[in-house]
Amino acid sequence: MSKHMPPAHPFDTSYLRDVADEDKLKEECGVFGVIGVTEAANFVALGLHALQHRGQEAGGIVCHHPEHGFNSARRFGYVRDNFTKQSLMETLPGPLAIGHVRYSTSGGKAPQIRDVQPFFGEFAMGGAAIAHNGNITNADALRRELIERGSIFQSSSDTECIIHLMARSLQRTIPDRMQDALRRVEGAFSIVAMTRTKLIGVRDPLGVRPLVLGQVADGWVLSSETCALDIIGAKYVREVEPGEMVVINGNGVESHFPFRRQKPRFCIFEHVYFSRPDSIIGQRSVYETRRQIGIELAREAPVDADLVCPVPDSGTPAAIGYSHESGIPYAMGIIRNQYMGRTFIEPTEQIRNMGVRLKLNVNRALIKGKRVILVDDSVVRGTTSRKIKEMVIDAGAKEVHFRIASPPTAWPCFYGVDTPQREKLLAATMSEDEMCAHLQVDSLRFITLDGLYRAVGEASGRNAACPQYCDACFSGEYPVEPSDQIEKGFELKAAE
């Protein structure tokens, strides 16, 4: 086999990842559940389609029908390529279903179908399925303990620890067993689960990852984001609160708070990049927040230029805000090929080197001779930023100035985001001036952490003594100690 052929493993889809987005942080999961509607799995498939940005490598659905019991389907690839097929959806009957979309972590291992959620377990009081968005930071320690006590794991996912902890609980109902299990868990989790008759949603005490409650006809919906409620015509009811468990059945919604109350630390990067711009977070439009980030960035880092151009699509709202505040015209200087999707021919080294150009193309007639401000959401490794800068210069731009709608990403996330090791993060080893020289641009400025906090509604900026969000990827201050990573040698930020 040629060294340029796709991987031999039949389920290794990593070579199909969007080559233009390889230098972005990746949210690893999206969850969705419905109860009380006919053909609930169809609603879940639509919801997962709306959440596809939260995970593109695989998806799964588990459903329950009073006569046919539990049924499930797990597939690699996009929701549209799998869960729109009538032959498959007919195998998923019933008024109750949950689903999950997944982006596996990078690291050279081929994705395995056994790692695709939701996971299912049969307990003495009946079956239950669970889907999880986030990351359990003590999963390695829990797994070792459970294996020593006789548990047999079927996957490499941290989520399976919850199933085994539930199996060992002495509580008499599945919701109680889940509460019991989650009290042993550290990290970030937003969970959608189901029994034969109940839909369950849980958020960790810090509320790091999102989860919302909605209503459709006589049924109820749980979703990672509000945009997935819109696609099925569901009404947004409220957010599931940090540390809350909601248990939904034919009688309605029960609310429980089984964990010690803590000050919430929602992931601030959900505002910057992860969530869809048409979602609502904390009663705030994600789009409007990103536009406000651009306004703050223009105030903090002005520069004399001819055009403000977004790096599509994630930089668009911030670029609009920057243009509005600065008075510099907004223009689509870079055009995104919306139909690129996956690499459509074998990923040879030559094609990989063309990756960004397959996805993005410069509007030469607009750019030539201009001083251009490029607005992007983040710089991670810097590889894509440098390629985009080269494309803009090749198109005849006179100057290129980068303005970044997040602070420098200098620390890895351990709460459900696929982040490179710290030494591979550009901001971990270089100052802002050094990054500017490395990218070979005329100027480079990031929004400050205070500016980002102002953009999300904290008028006085970041309260250093008591941060309002989880901003560990920028500050290095982890609200939950990543114990597994520390055991492997990760060093926390030194106390100042």
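A salt bridge is a side-chain nitrogen of Lys or Arg within 4 Å of a carboxyl oxygen of Asp or Glu. The model is predicted, so local features need pLDDT of at least 70 and side-chain atom pairs count only at pLDDT 80 or more, while totals for chains, interfaces and linings use all residues. Residues are numbered from 1 along each chain as its sequence is written, and side-chain values use heavy atoms, with hydrogens and water left out.

**Exercise 1.** Find the salt bridge of E225 and R54, and state whether each residue is buried or exposed.

*Solution.* Begin with the distance: the side chains of E225 and R54 meet in a salt bridge at 2.6 Å, N to O. Finally, buried means under 20% relative accessible area, exposed over 50%, and partly exposed in between (1.4 Å probe, protein chains only). E225, at 3%, is therefore buried, and R54, at 0%, is buried.

**Exercise 2.** Which residues are linked with E325 in a network of salt bridges?

*Solution.* E325 belongs to helix α10 (residues 316-326) and R299 to helix α9 (residues 286-300), 26 residues apart. The network then links E296, R299, E300, E325 and R454.

How values were computed
Helices (H or I, at least four residues) and strands (E, at least two) are DSSP runs, numbered from the N terminus.
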